[in-house]
Amino acid sequence: MPSASSSSLNYDPASLPDLLPLYYRRLFPFSQYYRWLNYGGVQKNYFQNREFSFTLKEDIYVRYQSFTTQNELEKEIQKMNPYKVDIGAVYSHRPSQHNTVKSGTFQALEKELVFDIDMTDYDDVRSCCSAADICSKCWTLMIIAIRILDRALREDFGFQHLLWVYSGRRGVHCWVCDEVARTLSVSARSAVAEYLSLVKGGEETVKKVVLTEPIHPFIRESLTVVERYFSTYALQEQDILGRKESVEQVLALVPEDVRKELQQDFKNERNPENRWQLIIEQASRKQVAAKKGQHFEKEIMLQYCYPRLDVNVSKGVNHLLKSPFSVHPKTGRISVPMDLTELDMFDPFNVPTISLICSELDHAKVGEEEQDENEEETAEKRKIRDYKRTSLAKYVKYFDTFLDGVSQSWKGELLRKSDLQKEF
């Protein structure tokens with residue numbers, strides 16, 4: 001179990017009301033944020049009709065906030081200093097005026113296709129932590145989830161602009177920002193989410209993954225990812241074939257006749273890796289002997305490691321999801337975009353806290369003070385220089401890179417529209 005870095009240890013939730021004004025005034029990347037949610041202004045009123053919601057001190061929840069410009073959003077956030085910001089759908093009318101719109105006409109039209117993976121949904125298959133707690137051992141589950149879902153969304157569905165974001169505590173979110181994803185209907189979103197869902201059933205369901213012949217190529221691709229991590233994660237770190245209780249849990253997932261044989265074999269074999277080999281051998285024998293395929297070893301791997309999606313988050317167009325660069329009030333960590341080229345090195349405990357980045361602002365680098373006096377600069381330039389002096393810099397830089405990719409698609413769309421207008 002890792003200890004949180006000093007930045008996390010230094011965070012005191014009671015200090016949040018004092019830190020948020022500084023964060024929103026000098027560090028929050030409003031320019032990139034607006035650039036993202038405006039999508040190049042390709043569609044009129046796209047940003048203006050977007051819903052934001054704020055969670056204020058003492059859990060006061062304010063929905064249906066909307067803003068005309070970046071400046072308006074900035075001023076309101078700096079005035080309200082929300083503990084949490086959520087992003088909702090783009091509506092048919094301005095959300096702030098939803099009470100004045102004729103009943104039934106105010107409707108959610110578009111939103112990024114989103115996915116929410118929360119570590120609490122894995123509590124039945126992790127022994128190191130439970131509930132909101134995480135450690136480096138179970139964080140592997142998030143890495144597996146991102147690898148499986150990112151590959152499927154890109155290769156099976158053809159999406160290109162995926163923003164993966166650490167939630168600030170115990171999970172990850174994915175924002176699929178392609179235009180085709182943003183315009184999906186509720187039923188299409190449901191279809192994508194169901195395609196990606198394999199682990200089914202609640203606490204009372206023992207066997208949550210059931211494979212049938214032929215195994216779908218998507219499942220085979222997912223197994224390739226799981227196999228990379230299974231030995232280290234499940235057999236060594238979670239010790240699923242070492243502790244008596246967890247051994248029984250695993251054996252409950254195999255056919256009864258095989259279970260009895262394995263129980264006998266396990267009496268003479270204590271090594272978890274060797275015990276897993278015995279399960280694989282039994283599965284191979286069964287597959288040869290049975291007319292229909294037996295894949296219980298694959299089902300075990302998937303039940304312990306496959307991503308567990310909150311399907312309802314993905315289905316609804318009007319569902320709100322925590323915004324990138326929000327602060328988690330309990331941990332103080334910033335909800336930062338994740339660079340998948342460095343995914344295996346990503347450590348949630350090293351994600352900067354609001355207390356760390358605010359303190360970094362106070363320690364101006366040598367020579368910067370002189371620069372301040374000699375340079376008249378806009379508030380925007382000042383803010384850019386401010387975040388670049390903190391641990392937030394690399395995450396904003398990655399966000400910029402992501403937005404450069406997205407902007408290529410909307411520039412193409414603007415060119416297409418201008419060409420059409422020339423024709424008429």
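Let's start inside the largest pocket, where the lining residues divide into 8 nonpolar, 6 polar and 11 charged. Here Ala, Val, Leu, Ile, Met, Phe, Trp, Tyr, Cys and Pro count as nonpolar, Asp, Glu, Lys and Arg as charged, and the others, Gly among them, as polar. The model is predicted, so local features need pLDDT of at least 70 and side-chain atom pairs count only at pLDDT 80 or more, while totals for chains, interfaces and linings use all residues. Residues are numbered from 1 along each chain as its sequence is written, and side-chain values use heavy atoms, leaving out hydrogens and water.

A pocket is an open set of points on a 1 Å grid over the protein atoms alone, where a 1.4 Å probe fits, with protein on both sides within 12 Å along at least five of seven lines; lining residues have an atom within 4 Å of a point. The largest pocket is lined by 25 residues, and Lys84, Arg170, Lys322, His328 and Pro329 lie nearest its centre. Strands that give two or more residues to this lining include β5 (113–118) and β7 (171–176); a strand is a DSSP run (E, at least two residues), numbered from the N terminus.

Now follow those two strands into an open sheet of 3 strands, with the order β5-β7-β6 and antiparallel pairing. Two strands pair if DSSP finds at least two bridges between them. At the edges are β5 and β6 (162–166), each pairing on one side only. Between β6 and β7 there are 5 bridges, and Tyr166 has Val172 in β7 as its bridge partner.

Terms used:
Helices (H or I, at least four residues) and strands (E, at least two) are DSSP runs, numbered from the N terminus.
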